[in-house]
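Visitor: I am new to protein models. Could you show me how to read one?
Guide: Gladly. Here it is.

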Amino acid sequence: MKARKVKGLEPDGSLSENARRIIDVRAKEVHSFSRAVLDPRNVEALHDMRIAAKRLRYVLELTTPVFGKGAEKAAKRAKTLQDLLGEIHDCDVTVPRVERHIARLRLEDAAVLREGAGARASDLDPEAAREAPHRLRYRGLEALIAYLRARREVLYSRFLREWEGDPLAVRVDGNEEGPLV
């Protein structure tokens, strides 16, 4: 809207009519992910819904002078949805990174153990594992992964509870004929 590149506006329409059109398009975009986000493994849909909620929030914030408290309230709800989905996304992104880091540490440790074992590399003594330089880090990193997975489960359950009630369903202008967001 700021760049004046919004499609589908009526040049002769009022500001509130055009704002309703934009809000309607953005709200439909958020709701278009409704089915896909019911699968907790659909990380991409959750991320895309977060971006759509962000876009809707921006439009609602820009139209607050036109629609008042209704748009302000809807913008806050869109922000809450955006933040919740953002936290879920952070968990989804961090777990694989930590897993890759653990794999690198294990490879480094294996190289150290092979080097220390010399000719007996295929017959490593279990006691030699105590010499692995990163062995104490694994537990902490594995605990971090367990925490992130549990946190994601809690956040996703919260998302489902809040989304079930459609947190964006408010009238932005207080008018019974106004758009539902």
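**Reading the helices and their core**

Guide: Start with one residue and its neighbours. Phe159 touches Val37, Leu46, Met49, Leu81, Leu84, Leu85 and Ile88, leaving aside residues up to four places away in sequence. Keep in mind that this is a predicted model.

Visitor: How many helices and how many strands does the protein chain have?
Guide: The chain has four helices and zero strands. Read from the N terminus, its elements run α-α-α-α.

Visitor: What share of the residues counts as buried?
Guide: Of the 181 residues in the protein chain, 32% are buried. The accessible surface is about 11700 Å². Carbon and sulfur atoms account for 52% of that surface.

Visitor: Which residues have the most contacts inside the largest nonpolar core?
Guide: First, the general idea. In soluble globular proteins, nonpolar side chains tend to be buried together. Now this case. The largest nonpolar core holds 35 residues, and Met49 and Phe159 have the most contacts inside it. Helices α1 (15-31), α2 (43-67), α3 and α4 each supply at least two residues of this core. The largest share, twelve residues, comes from α3.

Visitor: How do I read the length of helix α4?
Guide: Compare its reach with the expected value. Helix α4 covers residues 135-164, which is 30 residues. From first C-alpha to last, α4 reaches 44 Å, close to the 44 Å expected at 1.5 Å a residue.

Visitor: Which residues of α4 are buried?
Guide: They are Tyr138, Leu141, Ile145, Leu148, Arg152, Leu155, Tyr156, Phe159 and Trp163.

Visitor: How many aromatic pairs are there?
Guide: The count comes to two.

Visitor: Why is the pair of Phe159 and Trp163 called stacked?
Guide: Look at the angle between the planes. Planes under 30 degrees apart count as stacked. The planes of Phe159 and Trp163 are at 10°, with ring centres 6.3 Å apart, so this pair is stacked. These two residues also lie in α4, four residues apart, about one turn of the helix. Both Phe159 and Trp163 are buried. Ring pairs link Tyr156, Phe159 and Trp163 into a cluster.

Visitor: Which residue lies over the face of Tyr138?
Guide: Arg106 does, at 4.3 Å from the ring centre.

Visitor: Is Asp92 buried or exposed?
Guide: Check its relative accessibility against the cut-off. Buried means under 20%. Asp92 has 17%, so Asp92 counts as buried. This residue sits in helix α3 (residues 69-117). Asp92 touches Val43 and Arg152, again leaving aside residues up to four places away in sequence. Arg152 is one of the buried residues of α4.

Visitor: Why does Glu108 count as partly exposed?
Guide: Its relative accessibility is 42%, so Glu108 counts as partly exposed. Glu108 is also found in helix α3.

Visitor: How many residues apart in sequence are Glu108 and Ala132?
Guide: They are 24 residues apart in sequence, and 8.6 Å apart in space, C-alpha to C-alpha. Now take the whole chain. Among contacts between residues at least 6 apart in sequence, 70% join residues at least 24 apart.

Technical notes: Residues numbered from 1 in each chain as written. Predicted model: local features only at pLDDT ≥ 70, side-chain atom pairs only at ≥ 80, totals over all residues. Heavy atoms only, no water. Buried < 20%, exposed > 50% of the residue type's maximum accessible area, 1.4 Å probe, protein only. Contact = heavy atoms within 4.5 Å. Expected span 1.5 Å × (residues − 1). Core = buried A, V, L, I, M, F, W, Y, C linked by side-chain atoms within 4.5 Å. Phe/Tyr/Trp six-rings, centres within 6.5 Å; stacked < 30°, edge-to-face > 60°. Lys NZ or Arg CZ within 6 Å of the ring centre and 35° of its normal. Areas by Shrake-Rupley, 256 points an atom, 1.4 Å probe, with all protein chains shown as cover.
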